[in-house]
Every structure is written in structure tokens, then in C-alpha cells.
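Work through the exercises below with the sequence and the model open side by side. Each task is followed by a solution in steps.

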Amino acid sequence: MIRLFHVSDLHFGREDKDALAWFKRSVEEERPDAVICTGDLTQRARREEFAAATAYLEAMPVPVTVEPGNHDLPYFNPIERFFRPYRRYGQLEKLIERPLDIKNVVVVPLKTTARAQWRHNWSWGVVGRGALARTLTLLKNVAPGHVKLVACHHPLVDKQGLLSSGKTIRGREALEALAQAGADAVLSGHVHDPFVMELEVAGRVVRKIGAGTLSERVRDSAASFNEIRISDAGEIHVEHRWMEVAATV
């Protein structure tokens, strides 16, 4: 069985130190096969916030892959945002969009952030055609028999009832293409509340798995992360783990 810890929206600068310590302790004591972080490492993409996030994630004793979030693009510096949006990642850059192949499970990245958009809210998601093509190529090169997970920041299709929204441009189109390429689940963050959805797409069932937050910016739920267990037969089980309680879905 493969065990993955799926975490999101750490928001260094507005982080919950107790929640971060709890997650770090959980990783150190339980040693999952990998940690998947689906974005918003920082609050304002400041250098000191990236430095703190880097120190935290590099200390993890297991493989880590990280997706950029909308908060990780420079907020107050338009030149950096448009021309060098990921320069402040520094040492963390080697973890960004890092594919993972663990036994019978592969995790591939899909970028959903954009430097600019033709709409008023730039926090919402966009699936660029180039980004989708790169992800589809990775999926098509996966050896048969693997469970295929896609990691991105924004939900590709919104879940009704959540306070926040991904409103992702070309999200449904991307989800259909990912399903056709054999994706079994899409992992995301952004909305700060955990969820699991099962959608029938392109003739097969794809799971959408959203992680909560380890920051002070909680919404309906307490600080949490997801434990994803994948059996040797390829069955996916998700447990939302809160600091206070846990629920299985």
C-alpha cells in the first residue's frame, strides 16, 4: 500500500504554527511515501516567506513535490510577476512541479496559475494549453498498471457549497483530457476546505480530491491535510485529518 500526505495552502506569513508543527510531526512519525503540496506556500510571495517555506519543506524526511499557487506569484512587484514570476522560489525550485513515481503510483503536475488574466480576479485558475499538453505527455508516458494522480492548485471543476471557488478557465476541458489520458484522481487546494468528489468524465470515474489549509485563514473547517492510501489493487482511499478530529470518506 502507498500512503501519501496531501497538504495545501500553508500561507507562510499567515501560517498556523501549531498546525505546521502537527503536520511535520505526523510526517516524521508516520513516514508516508511522499508529501504532495498543492500551492499557496506564501501569503504575499515575499522572500522571507519563501525562505521559511523552503526550510520547512526541505526538512521533510520523505520526497516532496510542490505546485505553485496564486499567492506564490509576486503581488507588489509587477515586473517580477510578468517576467520572473518564480524567481523568489530559490532553493525550493527543485521541488516545483516535480513528477513522482512510487511503486505503482505516479504523480504528475498541472500548472493552473497565470501571471495575468482578462478578468478582474487574478486569484482564479487558468489551464494553459501548453501546461495541459505537458501534463498529458507525462501521463501518456506512464507505464501500464500505475495509478495516475494529477496535482494542481485550483480545482478544475468547482464543488457546490464551498465558500471559495477556483473558477478555472478551461478546467472542464482539462478534466476531460486528463480522464482520456487515464488520470484516476486530481489533487488540488485553494479553497481551504477539504473535499472528495467522484465525477464521470469521458466514460470513466475520476476523483477530485481537495486539501484544506495549515494557515490561520481557515473557512468552514479546522486546519487539516489529506491522507491518501492506494492499495496494490489500485483502490484509492482518502482520509481528511484535522488537528482535532478525523473523518473517512
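The model is predicted, so local features need pLDDT of at least 70 and side-chain atom pairs count only at pLDDT 80 or more, while totals for chains, interfaces and linings use all residues. Residues are numbered from 1 along each chain as its sequence is written, and side-chain values use heavy atoms, with hydrogens and water left out.

**Exercise 1. The chain**

Task: state how many helices and strands the chain has, and what share of its residues is buried.

Solution. Step 1: take helices (H or I, at least four residues) and strands (E, at least two) as DSSP runs, numbered from the N terminus.
Step 1: apply the accessibility classes, where buried means under 20% relative accessible area, exposed over 50% and partly exposed in between (1.4 Å probe, protein chains only). Of the 249 residues, 58% are buried.
Step 2: count contacts, meaning heavy atoms within 4.5 Å. Among contacts with a separation of 6 or more, 72% join residues 24 or more positions apart.

**Exercise 2. Helices H1 and H2**

Task: find which residues of H1 are buried and which residues of H2 are buried, then say what packs against each set.

Solution. Step 1: compare lengths, with the expected span set at 1.5 Å times one less than the number of residues. H1 has 14 residues and reaches 20 Å from first to last C-alpha, close to the 20 Å expected.
Step 1: list the buried residues of H1, which are Ala19, Leu20, Trp22, Phe23, Ser26 and Val27. They line one face of the helix, because they fall within an arc of 160° seen down the axis of H1. The arc is that of the directions from the helix axis to the C-beta atoms.
Step 2: look at the face of H1 turned away from the buried side, where Lys17, Asp18 and Glu29 are exposed. The cover over the buried residues of H1 includes strand S1 (2-7), S2, H2, S10 and S11.
Step 3: turn to H2 (residues 47-58), whose twelve residues reach 16 Å, close to the 16 Å expected. Buried here are Glu49, Phe50, Ala53, Thr54, Tyr56 and Leu57. Their arc around the axis is only 165°, which puts them on the same side of H2. They pack against helix H1 (17-30) and strand S3 (64-66).

**Exercise 3. Helix H5**

Task: name the buried residues of H5 and the elements that they pack against.

Solution. Step 1: within residues 171-180, the buried residues are Gly171, Ala174, Leu175, Ala177, Leu178 and Ala179.
Step 1: these pack against helix H4 (129-140) and strands S6 (147-151), S7 (185-188), S8 (195-201) and S9 (204-210).
Step 2: check the backbone just after H5, where Gly182 has a positive phi of about 100°.

**Exercise 4. Lining of the largest cavity**

Task: find which strand gives the most residues to the lining of the largest cavity.

Solution. Step 1: strands S2 (34-37), S3 and S5 (105-109) each supply at least two lining residues.
Step 1: S5 gives the most, with three residues.
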